[in-house]
Amino acid sequence: MDHTTNHTTAKAPLNDPLDAPLLDVQDLTVDVLSRSGAAQRVVHGVSFTLHEEETLALIGESGSGKSISAMAVMGLLPATTARVGGSARHRGTDLLTLPEDQFRALRGRRIAMVFQDALSALNPTLTVGFQIAETIRAHEGVGRREARARAVELMARVRIPDPALRYRDHPHQFSGGMRQRIMIAMAVALSPDVLIADEPTTALDVTVQAQIMELLAELREETGSALLLITHDLGLAAGTADRVAIMYAGRILEQAPVQELYDRPAHPYTRGLLAAVPRLAGDTDDLTPIPGTPPGPGLLPAGCAFHPRCPDVGERCATQEPMLLPALPDPPARLVACHYPLEVSGAR
Amino acid sequence: MTDAALSPEKLGAQGTSTEASYQAPQGTWHELRRRPVFLLTGGCALLLLLLAAAPGLFAGWFGHGDPTVCELGHSAEGPAPGHPFGYDVQGCDLYANVIHGAGASLGVGLLATGLGLAVALVLGCLAGMAGRIVDSVIARITDVFLGFPFLLGAIVVLNSFTTRDVPTVAGVLALFGWPTMTRVVRASVRSVREADYVVMARSLGASQWFIVRRHVLPNALTPVLVLATITVGGVIVAEAALTFLGVGLQPPSISWGLQLAGAQNSFQTHPHLLIFPGLFLSFTVFVLITFGDTVRDALDPRGR
């Protein structure tokens with residue numbers, strides 16, 4: 001896999017779709033529009049690349065802009081309330097400038113999404129089997145009978161016991177984990193090559209979380225698709241992701257292969273996050289919270305968005321916003337947006 | 001955004017299920033089946049529908065089922081054997097007339113509500129799903145129609161018709177009845193269109209029309225159906241009022257409104273002329289409105 005791409009500068013569009021990265025998001029911005037027309041920027045130039053058969057985790061706190069970035073890439077933000085800028089190229093095709101009807105044909109087939117709360121993401125008035133079958137029928141024009149057979153097959157693939165029987169059940173008749181499986185079945189029904197999972201396990205019990213993540217990883221492997229995992233759970237990402245991008249206040253602060261990032265965090269924020277995660281062996285008294293709270297979208301500080309809470313704040317931080325650049329200890333796979341990235345002790 | 005905060009406490013124990021706050025359609029039916037008021041009013045409503053659809057089944061119970069067989073000699077006589085409600089001014093059997101009157105009353109009620117509902121569904125969906133301009137235009141038109149006094153408007157329009165049968169009266173009542181329902185449809189469409197399953201459908205490439213048909217309409221229908229049930233009762237009252245005032249249905253139609261109008265001049269001497277059609281009218285309206293109320297209470301958790 002090619003991690004040497006410079007993620008900070010927008011590239012010229014590539015002509016050969018096979019050479020182009022699977023999903024290349026460059027300088028994505030989202031402005032939320034109020035009724036009076038005033039715009040408030042909630043995503044400030046996010047760039048990342050998702051390669052074939054790769055899992056990239058987008059990690060951040062509530063309000064860090066990770067979900068809204070995913071919605072923007074999927075083209076699901078209503079034009080009346082949000083303005084999206086930058087580019088999101090799927091095999092070289094910029095999704096953000098694509099006419100709606102062409103984009104619609106890609107959704108589900110090439111790029112699909114799993115949502116956080118399966119109970120509200122499934123139509124309560126329809127049986128789950130019907131909802132899966134209909135997705136297949138709408139896109140592939142197959143007959144009722146064949147769509148039904150394939151829906152049952154999909155339900156078996158996501159390990160629903162007695163799929164043929166449960167085909168006729170409504171969403172509320174399933175447990176939370178089973179519902180999430182149904183939604184995953186719908187998302188992978190058309191074998192998309194990019195699957196975006198937005199907090200897929202947040203609404204579930206911890207034991208079920210592991211099963212769902214396992215299922216997602218397995219399906220990703222089987223279908224050869226790529227997974228963009230959006231989560232606030234560092235532990236969840238550690239077990240699944242190949243690479244991790246840390247988001248804060250609508251920006252990516254650090255991006256690195258998963259092991260390197262967890263072993264040697266370079267950004268003070270990443271280090272703060274890791275220090276705040278409870279470990280099984282450790283004492284919970286040892287947890288170090290990051291002081292302060294994340295800024296709201298209208299109250300962003302000048303310079304680095306994290307500097308008021310940063311333990312290693314320097315003189316440039318308050319005035320100059322750092323760029324996301326290759327950084328020690330392991331450039332170029334690691335990108336950090338910090339003027340004073342940590343000189344990690346014990347680094348090579 | 002709804003995700004849990006990235007804090008140590010939440011990393012260990014995340015929320016489980018939202019099932020408690022969720023109200024399934026099956027649950028509503030279950031809830032309704034155990035309400036005696038629902039069963040009673042539902043049964044009465046069905047009975048009234050049967051009465052309207054096949055008056056012949058009931059009118060002949062006392063041996064004089066034809067409302068048009070009249071003997072002027074018995075004009076306005078009170079209840080007698082074979083004629084439990086007595087005779088009307090023309091000497092016709094009042095019981096048979098009252099039974100046959102259900103058809104016109106319920107016919108106007110259902111037809112006017114149905115027409116209004118159809119208009120409301122189309123306009124409400126348009127207003128709820130399309131952009132701000134379409135929404136504003138429809139909202140202003142709705143406001144204009146809501147501005148007309150209902151009965152006065154209906155009187156003015158009906159006066160311009162020479163023949164006034166069930167379809168024309170129903171049409172005029174629908175003309176003034178759709179705006180309220182349109183508002184309800186618009187409001188519930190707007191709440192449903194933000195639902196996660198609509199976003200999910202869009203993320204799977206569903207078209208706008210498909211989303212409206214499959215996801216928005218079925219889930220937005222409940223409140224307006226409840227309102228429609230209550231509206232049927234209101235329309236029946238309006239029809240009776242208009243007919244009483246002489247601008248509603250005309251003979252040879254048989255309706256409770258016409259019977260009440262006929263009783264106008266003589267009800268002090270022959271009160272049965274007013275009492276029997278009036279009882280049926282009040283009962284019908286009461287049943288329909290109570291039925292709608294029960295369904296609404298069962299669907300609205302805040303009412304419990």
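A: A residue counts as buried if 20 or more other C-beta atoms lie within 10 Å of its own, and as exposed if 12 or fewer do. With that cut-off, strand 6 of chain A, residues 111-114, can be examined in this predicted model. I111(A) and M113(A) point one way from strand 6 of chain A, while A112(A) and V114(A) point the other way. All four of these residues are buried. In a regular strand, side chains alternate between the two faces of the sheet.

Strand 6 of chain A pairs with strand 7 of chain A, residues 194-198, through four bridges in the parallel sense. Within strand 7 of chain A, L195(A) is the bridge partner of A112(A).

Four of its strands form an open sheet in the order 2-1-4-5, with antiparallel pairing. The edges of this sheet are strand 2 (39-50) and strand 5 (93-94) of chain A, each of which pairs on one side only. Strand 5 of chain A is joined to strand 4 of chain A, residues 82-90, by two bridges in the antiparallel sense. There, R89(A) has D94(A) in strand 5 of chain A as its bridge partner. Strands of a sheet pair through backbone hydrogen bonds, in either the parallel or the antiparallel sense.

Helix 1 of chain A, residues 66-74, lies across strand 1 (23-33), strand 2 and strand 4 of chain A. The helix runs at about 110° to strand 1 of chain A.

As for the chain as a whole, the secondary structure of chain A comprises 11 helices and 12 strands. Its radius of gyration is 21 Å, close to the 20 Å that the globule rule gives for 348 residues, so chain A is as compact as a globular protein of that length. The C-alpha trace of chain A spans about 65 × 50 × 45 Å along its principal axes. Of its 348 residues, 46% count as buried. Among contacts in chain A between residues at least 6 apart in sequence, 64% join residues at least 24 apart.

For the complex, the predictor gives an ipTM of 0.82 and a pTM of 0.75.

Methods. Residues are numbered from 1 along each chain as its sequence is written. Chains are lettered from A and ligands numbered from 1 in the order in which they are written. This is a predicted model: local features need pLDDT of at least 70, side-chain atom pairs count only at pLDDT 80 or more; totals for chains, interfaces and linings use all residues. The radius of gyration is taken over C-alpha atoms; the globule rule is 2.2 Å times the number of residues to the power 0.38. Two residues are in contact if their C-beta atoms, placed from the backbone, lie within 7 Å. Two strands pair if DSSP finds at least two bridges between them. Axes are lines fitted to C-alpha atoms, for helices over the stretch in contact, and angles run from 0 to 180 degrees between N-to-C directions.
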